Structures are given as structure tokens and as C-alpha cells.
Amino acid sequence: MPDGRTPEPGGWNRIHFVVDDIDAEVERLRSGGSIRFRSEVISGPGGRQILLEDPSGNPIELFQPAPS
């Protein structure tokens with residue numbers, strides 16, 4: 001991760017949410033001010049994703065599939 005964390009047991013499984021507009025979702029969540037993001041939005045051949053944490057520190061992934 002960009003903050004230097006490395007995989008550890010129990011710390012990398014995540015809930016995965018598919019979204020239509022990842023930029024809008026990230027903006028909406030950031031405007032609330034209480035969400036901690038583990039990364040910035042990254043892009044790959046399958047789509048775009050970002051990792052954030054729930055209030056207990058569990059990872060959640062937002063994923064926007066690449067256009068077909």
C-alpha cells in the first residue's frame with residue numbers, strides 16, 4: 001500500500017462494491033470527512049478501484065468495471 005503497510009493475516013480480505021461512477025462515490029465519501037482511504041483510485045485493464053476502511057478498520061473496495 002502507498003502508506004507502507006504489507007499484507008498480514010486477516011487484514012486483506014475485503015468487501016467489494018461495484019459502482020457506476022467511482023469518482024462521484026469517492027467525492028461523496030470524502031465530503032463526509034470521516035472515511036479513511038487506503039489508496040487513491042488506480043486503473044487497470046479490468047477497471048478502476050480504490051480501497052477504504054470501515055469504522056472498525058476493515059478494508060472495503062469500490063470497483064468500477066472497464067467499459068465493455
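**Exercises: Glu53 and its surroundings**

The side chains of Glu53 and Arg38 are joined by a polar contact of 2.8 Å. This is a predicted model, where local features need pLDDT of at least 70, side-chain atom pairs count only at pLDDT 80 or more, and totals for chains, interfaces and linings use all residues. Residues are numbered from 1 along each chain as its sequence is written, and side-chain values use heavy atoms, with hydrogens and water left out.

**Exercise 1.** Work out whether Glu53 is buried or exposed.

*Solution.*
- Start with the cut-offs: buried means under 20% relative accessible area, exposed over 50%, partly exposed in between (1.4 Å probe, protein chains only).
- Glu53 has a relative accessible area of 9%, so Glu53 is buried.

**Exercise 2.** Find which residues Glu53 touches, not counting residues up to four places away in sequence.

*Solution.*
- Touching here is a contact, meaning heavy atoms within 4.5 Å.
- Leaving out residues up to four places away in sequence, you get Arg5, Ile35, Arg36, Arg38 and Asn58 for Glu53.
- Arg38 also makes the polar contact with Glu53 (a pair of N or O atoms within 3.5 Å; within protein, one must be able to donate a hydrogen and the other to accept it, and residues adjacent in sequence count only if both atoms are side-chain atoms).

**Exercise 3.** Decide whether Pro59 is buried or exposed, then say how far its C-alpha atom is from that of Arg36.

*Solution.*
- Pro59 has 6% relative accessibility, so Pro59 counts as buried.
- Pro59 and Arg36 are 23 residues apart along the chain, and their C-alpha atoms are separated by 9.8 Å.
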